[in-house]
Amino acid sequence: MSRSWFLVALLAGARIAHAGDAFDGVKCDGDIVKALVGAKIPNGPAVDTEKRHTALGLRLEGSDMLDEPLDYEAWTICGSTYHVIVKKDIVTDAVKADHSKTAPSFLGSCEQNGKPMGGTLLAILKANSDAGAKLPATAAWRIDAKKARFAAMDPAGLMCSRDGIATVDGGK
């Protein structure tokens, strides 16, 4: 009897020690957004998570605290960029929005038709060396902090500062 309890306890401990993370259910040919939403983001170093999921080409591109307890993270998964909202280590929403040097991602506040907008936006900008300090958005999402969700919005007339470019390529 004591041996069987020991074995059960040992197996239960092993299962807890190897608890899954948000990327365990991701398949490159599947619905990545659906697989991420509701899943737990690992709390340890990103490099450890990236090593566990090399088949996905996983790479943390960046993160930022939005509003306690919300965080923003951008991950390369299967060659594309997925932007996620994380609340208490759980992915509450995700959008696929690739970026590049000529189409950098932006996180911050913007102006629409010359008027400042409140709140935080995720946008993909159209980089142009002639555009000056602000760049036009080609796609945009308002971050709804109360619902911990992305809300797609019309990017028409949306201009965002180069200072909020969140990607390494910088859009220059």
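1. Two strands are taken as paired if DSSP finds at least two bridges between them. In this predicted model, strand E9 (residues 134-144) and strand E10 (residues 149-153) pair in the antiparallel sense over five bridges, and E9 and E10 form a hairpin with four residues between them, where Ala 148 in the turn has a positive phi of about 55°. Within this pairing, Trp 141 has Ala 152 of E10 as its bridge partner.

2. E9 also pairs in the antiparallel sense with strand E8 (residues 121-125) over five bridges, with Ile 124 standing opposite Ala 139 in E9. A further antiparallel pairing joins E9 to strand E11 (residues 158-161) over three bridges, and here Pro 136 stands opposite Met 159 in E11.

3. The largest nonpolar core has 16 residues, and those with the most contacts inside it are Phe 23, Leu 36, Ile 41, Trp 75, Ile 77 and Val 84. Helix H2 (32-36) and strands E2 (70-77), E3 (80-87) and E4 (90-96) are the elements that give two or more residues to this core, the largest share, three residues, coming from E3.

4. Leaving aside neighbours within four places in sequence, Trp 75 is in contact with residues including Phe 23, Ile 41, Leu 58, Leu 60, Tyr 82 and Val 84. A second, separate core of 14 residues includes Ala 123, Leu 135, Met 153 and Leu 158.

5. His 53, found in the loop between helix H3 (46-52) and strand E1 (59-67), counts as buried because its relative accessibility is 8%, with the cut-off for that class set at under 20%. The side chain of His 53 makes a polar contact with the side chain of Asp 21 (3.0 Å), and, not counting residues up to four places away in sequence, His 53 touches Asp 21, Phe 23, Asp 24 and Leu 58.

Key
Residues numbered from 1 in each chain as written. Predicted model: local features only at pLDDT ≥ 70, side-chain atom pairs only at ≥ 80, totals over all residues. Heavy atoms only, no water. Buried < 20%, exposed > 50% of the residue type's maximum accessible area, 1.4 Å probe, protein only. Polar contact = N/O pair within 3.5 Å; in protein donor to acceptor, adjacent residues only side chain to side chain. Contact = heavy atoms within 4.5 Å. Core = buried A, V, L, I, M, F, W, Y, C linked by side-chain atoms within 4.5 Å.
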